[in-house]
Amino acid sequence: MASSPNRVDPSPALTYGSYLALDEVLGAQHPRSDEHDEMLFIVIHQVYELWFKQLLHEAGQLQRALEAGDTPHSLHTLRRILTILKVVVAQIDVLETMTPRQFTSFRDRLDAASGFQSAQFRELEAVLGRRDERAYAHYPSGSAGRERIRAAMARPSLYDSFLRYLALQGYPIPADRLDRDVRIASEPSVEIQDVLHTVYTDDRGAAQVAERLVDLDEGLQEWRYRHVMMVRRTIGDKPGTGGSSGAEYLRASLFRPVFADLWALRSRL
């Protein structure tokens, strides 16, 4: 039935602002001081959280593609993840336009707030393979952040999905690795490295996927390094605001590869 020409459509027309919820997004910055640079600090970290959300979204897509044995879509998604990581690293350049004195001018207003508390980054670490109760121990019991991190630690990691992908490509991944308890951190394996050596010798699509995973691991380590240096130049060796030891805590996270087998293999190729 045709609508009456005099009938008013109760739903407003979709606009750029309403589609992107810009009123909510642009109204989400609440500086706690009158210092000019606090706005930059807030915006940068909110943008980080948006990128972390997208990285989690893409990581889920990547795992589905890998577990379907889909090389083209796995490579496409990995390229997108790597491009996002470049943007995440580049944002540190913007933060470094803020001098130590400018940051100190509002730092006390942060109380216990710290990037150390980013539940999404902890969830991303879990997706990549971290299995450590300390990652969620300081989140309140029953909180959404705690439950998301725990759930990610109970699911197959990205590396588990990669090994299943290799099995679908016909490579002899041991059954005990495919059926392992995914709640436990994956350990480096000479047996898996032997399989990876064959993957690289074949030099087909699986080798390209493996190399992009190395790129991902390197990109994460680059982000950690830039983060450490940014913190050092901003607050030196002062304690972090979230109860961490600041730059010292961040330095301890450097050079810990996510995909240890892929790095151990380098000396054999």
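## An exposed leucine and its patch

L14 is exposed, since its relative accessible area is 65%, where exposed stands for over 50% relative accessible area, buried for under 20%, and partly exposed for what lies in between (1.4 Å probe, protein chains only). This is a predicted model, in which local features need pLDDT of at least 70 and side-chain atom pairs count only at pLDDT 80 or more, while totals for chains, interfaces and linings use all residues. Residues are numbered from 1 along each chain as its sequence is written, and side-chain values use heavy atoms, with hydrogens and water left out.

Together with Y16, Y19 and L20, L14 makes a nonpolar surface patch of about 530 Å². Patch members have over 30% relative accessible area and no salt bridge, and they are joined within 5 Å if nonpolar (Val, Leu, Ile, Met, Phe, Trp, Tyr) or within 9 Å if they carry like charges. The accessible areas come from the Shrake-Rupley method with a 1.4 Å probe, and for residues only the protein chains shown count as cover.

## Salt bridges

Side chains of opposite charge can pair when their charged atoms come close. With a salt bridge defined as a side-chain nitrogen of Lys or Arg within 4 Å of a carboxyl oxygen of Asp or Glu, the count comes to 17.

In one of them, D160 pairs with R180, and their closest N and O atoms are 2.8 Å apart. Because D160 lies in helix α8 (residues 158-168) and R180 in the loop between α9 (175-178) and α10 (190-202), the pair ties together parts that are 20 residues apart in sequence. Both D160 and R180 are buried.

A network built from salt bridges with shared partners joins R122, E125, R130, D132, R134 and R224. Within it, R134 and D132 form a salt bridge whose closest N and O atoms are 2.8 Å apart; R134 is exposed at 65% relative accessibility, whereas D132 is buried at 18%.

## A buried charge without a partner

D37, found in the loop between α2 (22-26) and α3 (38-67), is buried yet has no salt bridge, and the nearest side chain of opposite charge, that of R101, is 11 Å away.

Apart from neighbours within four places in sequence, D37 is in contact with M98, Q102 and F106, contact being heavy atoms within 4.5 Å.

Technical notes. Patches are made of residues with over 30% relative accessible area and no salt bridge: like charges are joined within 9 Å, nonpolar side chains (Val, Leu, Ile, Met, Phe, Trp, Tyr) within 5 Å. Helices (H or I, at least four residues) and strands (E, at least two) are DSSP runs, numbered from the N terminus. Lys and Arg count as positive and Asp and Glu as negative; His and the chain ends are not counted.
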